[in-house]
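Please open the structure in your viewer and keep the selection tool at hand.

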Amino acid sequence: MKTLLVAVDNSANARKVISLAAEQALAQQAAVVVLCCVDLSYSVTGPYEIEAGEDPEDFEYAQDEQQAAATVVRQALAELQSAGVNARGRVVAGEPSETIVAQAKTLNAAMIIMGRRHLSSFNRLLKGSNSASVIENAECPVLIDVRAD
């Protein structure tokens, strides 16, 4: 079975990315791995797996970045599961674009699905674009959800 890697964060666009991932997973009869990256300085251990079926409401009050990332993944898994998609989640510490590309390679992902933040030219120069870096370095196709907020 194909595997699609879906990179999410705690932004408003994450729900749109998950919706797009569900459409693609059902169309391609693929399993989904939901990935959320955390800063190395906040990481306890990693990666760790998250099972679908856990109630996201149980984790509403995340107290740190790693727990917040796990909450984002659990919410995405709940949405994918309700859409009938076979999904599991992962929280991994590292720089986002490098981590996404490395995880896609490790999982032998058929596709990476992610959003973009619509950064200003100045912020793109200052922070760099994760989506552009993933597109440049991934060994598989990358689907970017560019729908406006």
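Begin by selecting Asn108, which is exposed because its relative accessible area is 65%; exposed means over 50% relative accessible area, buried under 20%, and partly exposed in between, with a 1.4 Å probe and protein chains only. Asn108 lies in the loop between α3 (96–107) and β5. Its phi is near 55 degrees, a positive value in a residue other than glycine. Most residues other than glycine have a negative phi.

Before continuing, note that this is a predicted model, in which local features need pLDDT of at least 70 and side-chain atom pairs count only at pLDDT 80 or more, while totals for chains, interfaces and linings use all residues. Residues are numbered from 1 along each chain as its sequence is written, and side-chain values use heavy atoms, with hydrogens and water left out.

**The whole chain**

Next, display the entire protein chain as a cartoon. How many helices and strands does the secondary structure of the protein chain come to? There are five helices and six strands; helices (H or I, at least four residues) and strands (E, at least two) are DSSP runs, numbered from the N terminus. Followed from the N terminus, the elements run β-α-β-β-α-β-α-β-α-α-β. Of the 149 residues of the protein chain, 42% count as buried. Now switch to a surface view: the accessible surface of the protein chain comes to about 8200 Å², and 49% of it belongs to carbon and sulfur atoms. Such areas come from the Shrake-Rupley method with a 1.4 Å probe; for residues, only the protein chains shown count as cover. Among contacts (heavy atoms within 4.5 Å) between residues at least 6 apart in sequence, 76% join residues at least 24 apart.

**Helix α3**

Show the side chains of Ser97, Thr99, Ile100, Val101, Gln103, Ala104 and Leu107, the buried residues of α3. They pack against β1, β2, β4 (87–93), β5 and α5.

Among these, select Thr99: is this residue buried or exposed? Thr99 is buried, because its relative accessible area is 9%. Leaving aside residues up to four places away in sequence, Thr99 touches Leu35, Cys37, Val92, Ala93 and Gly94.

**Where α3 meets α5**

Two packed helices are described by the angle between their axes and the distance between the axes. For α3 and α5, the angle is about 35 degrees and the axes are 8 Å apart; axes are lines fitted to C-alpha atoms, for helices over the stretch in contact, and angles run from 0 to 180 degrees between N-to-C directions. Pro96, Ser97, Ile100 and Val101 of α3 make the contact with Asn130, Ser133, Val134 and Asn137 of α5. By class, this contact has four nonpolar, four polar and no charged residues. Here Ala, Val, Leu, Ile, Met, Phe, Trp, Tyr, Cys and Pro count as nonpolar, Asp, Glu, Lys and Arg as charged, and the others, Gly among them, as polar.

Ser131 counts as buried because its relative accessibility is 9%. Which residues does Ser131 touch, not counting those up to four places away in sequence? They are Met114, Gly115, Arg116 and Ile144.

**Helices α1 and α2**

Now select helix α1 (residues 14–28) together with helix α2 (residues 65–82), which pack at an angle of about 35 degrees with their axes 10 Å apart. Arg15, Ile18, Ala21 and Ala22 in α1 meet Ala76, Glu79 and Leu80 in α2. The residues of this contact divide into five nonpolar, no polar and two charged.

Keep α1 selected and show its buried residues: Ala14, Val17, Ile18, Leu20, Ala21, Ala22 and Ala25. They pack against β1 (3–7), β2 (31–38), α2, β5 (111–115) and β6 (142–145).

Finally, select Gln29, found in the loop between α1 and β2. Just after α1, Gln29 takes a positive phi of about 50 degrees. Gln29 is exposed, because its relative accessible area is 63%.
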